[in-house]
Amino acid sequence: MTAVAAAMPLRRLSTWLWRHGHVLTLILLLPPLLWLGVVYLGSLLALLAQSFFRLDEFSGQVVYEWGLSTYVELLTQRANLDIILRTVLMAAAVTLASALIAFPIAYMAARYAGPRLKALFYLGIMLPLWSSYLVRVYAWKLILAKEGVVSWAAASTGTTWLLDGVLGLPVIGGPSLSVSYLGMFLVFTYIWLPYMILPAQAALERVPGSLVEAAADLGARPRQTFTTVILPLALPGIVAGSIFTFSLTLGDYIIPYIVGTSSLFIGQVVYLQQGTAGNIPLAAAFSVVPIVIMAVYLTVAKRLGGFDAL
């Protein structure tokens, strides 16, 4: 009798929560929302606040006075602007290359692959993601090194002249692929390519085959069908994939450290300024740059339907 009486309040509470589902949902979501608000958004606000302080040039100490001097330094020094431009151009190049490579692969998987071949497709795309990020980057450094596989293959096939010609190109060339912008571009594209293929393939899967057949019945040529039916419907998936490739390249600092030239990217500058240099305000200001760029990028992506394909 006592046990039954003790269970009554719990039963009433359970019944009340069942009748008021929105309250139960709020209770379940409250812990992760608090974590998101305090840890994630709180850290972003703290980062933003740090960018409005400045570093005293004589003492090397952070001066906690509100102002825009750090942003003036960021946007007026040519070296800082070159870092931002270099990073954005690399992110844009990687995104464009990933889209050009990913679309034919995703199209074949979505339109022509059977169940078994599609399973192998998913396995092949996901398999590199199961290995360590650092292992893959260092593997590419060895492949692209002067004594690596690429140089060996060029010597074996008599195309060393071609490799030397590519390495001799201004800006993108270098002593070897492992210390050049071209090598960095190749590694970035390889690392982030799966994040472009999967959204594009998912978008192409949703293109009704009846629309393609209707376009053919109306006399459209394959090229017209592609440009007027398939590509517009698949564009949201490509835009969704570009969100990943662009943002991940924009903020990465490991690949530029391991593969590439001595020129700095935004991620490297943030790491160096908050670590070796101890210039927390400038590091915070540099961190705000990708946030602003991605805010604009996401606004454009949303208008192009990229969010619907995520």
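Phe52, Phe53, Tyr64, Trp66 and Tyr71 are linked into a cluster by ring pairs, a pair being two rings of Phe, Tyr or Trp (its six-membered ring) with centres within 6.5 Å. The model is predicted: local features need pLDDT of at least 70, side-chain atom pairs count only at pLDDT 80 or more, and totals for chains, interfaces and linings use all residues. Residues are numbered from 1 along each chain as its sequence is written, and side-chain values use heavy atoms, without hydrogens and water.

The structure holds 17 aromatic pairs. One of them, Phe103 with Phe226, is edge-to-face (planes over 60 degrees apart), with 5.5 Å between centres and 80 degrees between planes. Phe103 belongs to helix α4 and Phe226 to helix α11 (residues 222–251), so the pair ties together parts 123 residues apart in sequence. Helices are DSSP runs (H or I, at least four residues), numbered from the N terminus. Accessibility is classed as buried (under 20% relative accessible area), exposed (over 50%) or partly exposed (in between), with a 1.4 Å probe and protein chains only.

| Residue | Relative accessibility | Class |
|---|---|---|
| Phe103 | 10% | buried |
| Phe226 | 30% | partly exposed |
| Leu44 | 31% | partly exposed |

Beyond neighbours within four places in sequence, Ile255 is in contact (heavy atoms within 4.5 Å) with Tyr133, Val137, Met184, Val187, Phe188 and Ile191.

Key. Phe/Tyr/Trp six-rings, centres within 6.5 Å; stacked < 30°, edge-to-face > 60°. Helix = DSSP H or I, 4+ residues; strand = E, 2+ residues; numbered from the N terminus.
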